[in-house]
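Subject: Structure handover

Hello,

Here is the structure I said I would pass on. Please open it next to this email, and then read the notes below.

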Amino acid sequence: MAAYLARHGGSGLKAKGHHLPFGDARPEPARGAVLLAGDAAGFVDPLTGEGIGWAVTSGRLAAQAVAGALAEGQPEGAAARYLAATAHLRGELARARRLRALVYHPWLRARCLDVLARDMGVQRRFLALL
């Protein structure tokens with residue numbers, strides 16, 4: 001990043017990252033006229049940290065909610081539309097958070113990794129879940 005900034009005239013600027021809300025989805029990623037999508041809504045896979053797919057999907061759902069609410073002349077209805085449209089995403093993330101608690105539990109982590117490394121059937125089921 002420093003090399004990129006230097007090439008483009010920003011050598012004095014500092015870049016800083018931010019933590020991912022690793023599966024800590026907000027219970028309600030919409031309120032009033034504000035709809036959160038992607039990382040801002042906490043749509044990050046709690047097992048893998050993947051968030052691009054969730055960002056694209058939640059962004060599309062937010063846009064559809066806004067468009068539908070505006071088409072009906074009720075912009076304040078966008079939040080309710082978005083909450084309904086993202087219910088399945090939030091449910092998937094809640095299930096993945098419960099699985100994360102098992103997979104990454106300090107007492108179980110080594111055993112889970114051992115089974116995952118040795119058992120192709122477990123690997124296939126785990127990848128299908130992901």
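The largest nonpolar core is made up of 12 residues: A30, A41, F43, W54, L61, A62, A65, A79, Y82, L83, L89 and L93. A nonpolar core here is a set of buried Ala, Val, Leu, Ile, Met, Phe, Trp, Tyr and Cys residues joined through side-chain atoms within 4.5 Å. Buried means under 20% relative accessible area, exposed means over 50%, and partly exposed is in between (1.4 Å probe, protein chains only). At least two residues of this core come from each of α2, α3 and α4, and α2 gives the most, with four. Helices (H or I, at least four residues) and strands (E, at least two) are DSSP runs, numbered from the N terminus. In soluble globular proteins, nonpolar side chains tend to be buried together.

Before going on, note that this is a predicted model, in which local features need pLDDT of at least 70 and side-chain atom pairs count only at pLDDT 80 or more, while totals for chains, interfaces and linings use all residues. Residues are numbered from 1 along each chain as its sequence is written, and side-chain values use heavy atoms, with hydrogens and water left out.

L61 is in helix α2 and counts as buried because its relative accessibility is 10%. Leaving aside residues up to four places away in sequence, L61 touches Y82, A85, T86, H88 and L89; contact means heavy atoms within 4.5 Å. L93 lies in helix α4 and is buried, with a relative accessible area of 0%. From L93 to L47 it is 46 residues in sequence and 9.5 Å in space, C-alpha to C-alpha.

Helix α3

Which residues of α3 (78-85) are buried? They are A78, A79, Y82 and L83. These four lie on the same side of α3, because they cover an arc of only 130 degrees around the axis (the arc is that of the directions from the helix axis to the C-beta atoms). The buried residues of α3 pack against β1, β2 (34-35), α2 (52-71) and α4. On the face turned away from the buried side are the exposed residues A80 and A84.

Two loop residues

E28 lies in the loop between α1 (2-7) and β1 (30-31), and counts as exposed because its relative accessibility is 51%. E50 is in the loop between β2 and α2 and is partly exposed, at 35% relative accessible area. E50 touches V44 and D45, not counting residues up to four places away in sequence.

The largest pocket

The largest pocket has a volume of about 300 Å³. On a 1 Å grid over the protein atoms alone, a pocket is an open set of points where a 1.4 Å probe fits, with protein on both sides within 12 Å along at least five of seven lines; lining residues have an atom within 4 Å of a point. Grid points are joined across faces, edges and corners, and the volume is the space filled by probe spheres set on the points.

The lining has 15 residues, and V103, C112, L116, V122 and F126 lie nearest the centre of the pocket. Two or more lining residues come from each of α4 (87-103), α5 (109-118) and α6 (120-129), with α5 giving the most, six.

Regards
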